[in-house]
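Please walk through this structure chain by chain, starting from the overall make-up and moving to single elements.

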Amino acid sequence: MTDSRSRYSEVVVVRVPERPEGRVGRAFRRGLRRTVAQMLRPAVVLELPSTFQLDNEALDFLLGCAREAAGHDAEVAIAATSAHHRVVLELTRISSVLPTFSSSEEAVACMDKDRGSPIAAKDSPAPSMVTLDAPTTQERGLL
Amino acid sequence: MELGAFVLIPQVSEGSVRFRRNAKPTSQLQQTAVYPSPLWPVLGKNLLQHWMEKIRGLGIQVMSVGEDIPASAETLFSNFARQGLERFLVVCLKAYAEIDLTDFVRFHRETCNPITEAIDQEGPLGVRLVDRGSFSPGASCASESEGLGRFAEYRFAGYVKRMMSPQSYSDLVSDALKGRCALQPVGSQVGEGVWAGEGVRMARSVRLSAPCYVGSNTILRDCVSIGPFSSVENNCFIDCGTTIESSSVLPQSFLAAGLNVRRSIVDGPYLEHLDSGTTVDLRAFGLGRRVGNEGRMRFDRRLRPQAGSGPATPARAFDVDPISVRPKAVAGPQP
């Protein structure tokens, strides 16, 4: 019961690789898909490191991640610590599709609040941090 | 007694604007902008034009414009002195101030001080009247009021906005649109709180929310939304679906389709967000750049239906509605 409830209430924070191009990006998306598929009520925060290279490809990548997660009915938010990133996300209207926050804690708190009563229990577990930026050996073989 | 005037534009060193001695530019946009921020147009007219109109209103015939550096001021002064001028009105473009210059000159004559400086609660406004005998290059620069010797202070309590940062520029635009100051948009009023300059071309689906201003020869494509509290200055090109809210777009800027510009100032390829102070280079994303008149017209030609090409089908690529920018008839009492 406890286990099921904790998984139900889980909001996963994933740190996006600084340069999500090529195989690194593909592996990240695959890992994201796998993580989301294991959750009962998936909610994912994509945390952008301040050194994240935000360009056209990176914006495409973020949208691809969101699409991947949305395929499993996941809620997706972005946590961007850099003001520059937040301005670009707002300018390109990505922040109107994917809620954007200045920190992952803020994003998790907001998502927990939105997700309703059984989740927002006082003793709900802390959000788990998942790092998906490094492809595993098995994944490297597949790439 | 002959009165001459010179307007000094704050020095641009490596793109930065020097308002005070050793002052650093307050924002990255001030470093990257083509013009110093006092020359950014506010609803079609920049500070230089504003002050020159005021000076002409005084009946001053001899007027020069130079950089706010002692060497430039000295040259201007020696030129003026050769013409037998006895007093100089020196305006350093640092603030928009609604000073009555006639009263300022009258005050200078009455106080019989060699130098009179206009100040408000925050300090000098960069407007100074100097007698020929007291002139020194330092006396010209608004940044160097110390060591001037005997000077009178003309206290001004009216509307002042110092153009020190993009935020103050944005405040001035908002105040002008709200009617909080006497600054009038250049162009005609096309609706309640909506002004447009000459030669504006916009699609029928463009939405203008008052108060807002669209400068001359600007092109607004389908579904562009401007305002409230926004200005798009002259010769800009705003592509389809872009929303501009509480922001200003400086002349000759191109903005790509579908953008959401909020609380920002755009100058060609740079966008500065007013709340965070972050400057974004739009070229990296292909979202904005500076366009000259030729570039703007090239866009225009590409979007217009070609005359004589194919059957006379109404091309809808760029559906211009010149009617929408006609001056609105002022509603008067009905007979």
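The paragraphs below take chain A and then chain B.

This is a predicted model, in which local features need pLDDT of at least 70 and side-chain atom pairs count only at pLDDT 80 or more, while totals for chains, interfaces and linings use all residues. Residues are numbered from 1 along each chain as its sequence is written, chains are lettered from A and ligands numbered from 1 in the order in which they are written, and side-chain values use heavy atoms, with hydrogens and water left out.

Chain A contains seven helices and five strands; helices (H or I, at least four residues) and strands (E, at least two) are DSSP runs, numbered from the N terminus. Along the sequence, the pattern of chain A reads α-β-α-β-α-β-α-α-β-α-β-α. Chain A has 143 residues, 44% of which count as buried; buried means under 20% relative accessible area, exposed over 50%, and partly exposed in between (1.4 Å probe, protein chains only). The accessible surface of chain A is about 7,400 Å², with 49% belonging to carbon and sulfur atoms; such areas come from the Shrake-Rupley method with a 1.4 Å probe, and for residues only the protein chains shown count as cover. Among contacts in chain A with a separation of 6 or more, 76% join residues 24 or more positions apart, where contact means heavy atoms within 4.5 Å.

Helix 3 of chain A covers residues 56-70. At 1.5 Å a residue its 15 residues should span 21 Å, and the end C-alpha atoms are 21 Å apart, which agrees; the expected span is 1.5 Å times one less than the number of residues. The buried residues of helix 3 of chain A include A:Leu59, A:Phe61, A:Leu62 and A:Glu68. The buried residues of this helix pack against helix 2 (22-37), strand 2 (43-48), strand 3 (75-80), helix 4 (83-91) and helix 5 (94-97) of chain A.

In chain B, consider strand 5 (residues 87-92). Six of its six residues are buried, so strand 5 of chain B is largely enclosed by the rest of the structure. B:Arg87, B:Leu89 and B:Val91 point one way, and B:Phe88, B:Val90 and B:Cys92 point the other way. Strand 5 of chain B pairs with strand 1 (residues 3-9) in the parallel sense over six bridges, and with strand 8 (residues 123-131) in the antiparallel sense over five bridges; two strands pair if DSSP finds at least two bridges between them. B:Phe6 has B:Val90 as its bridge partner, and B:Arg87 stands opposite B:Asp131.

Elsewhere in chain B, four strands form an open, parallel sheet in the order 14-17-20-23. Its edge strands, strand 14 (207-208) and strand 23 (260-262), each pair on one side only.
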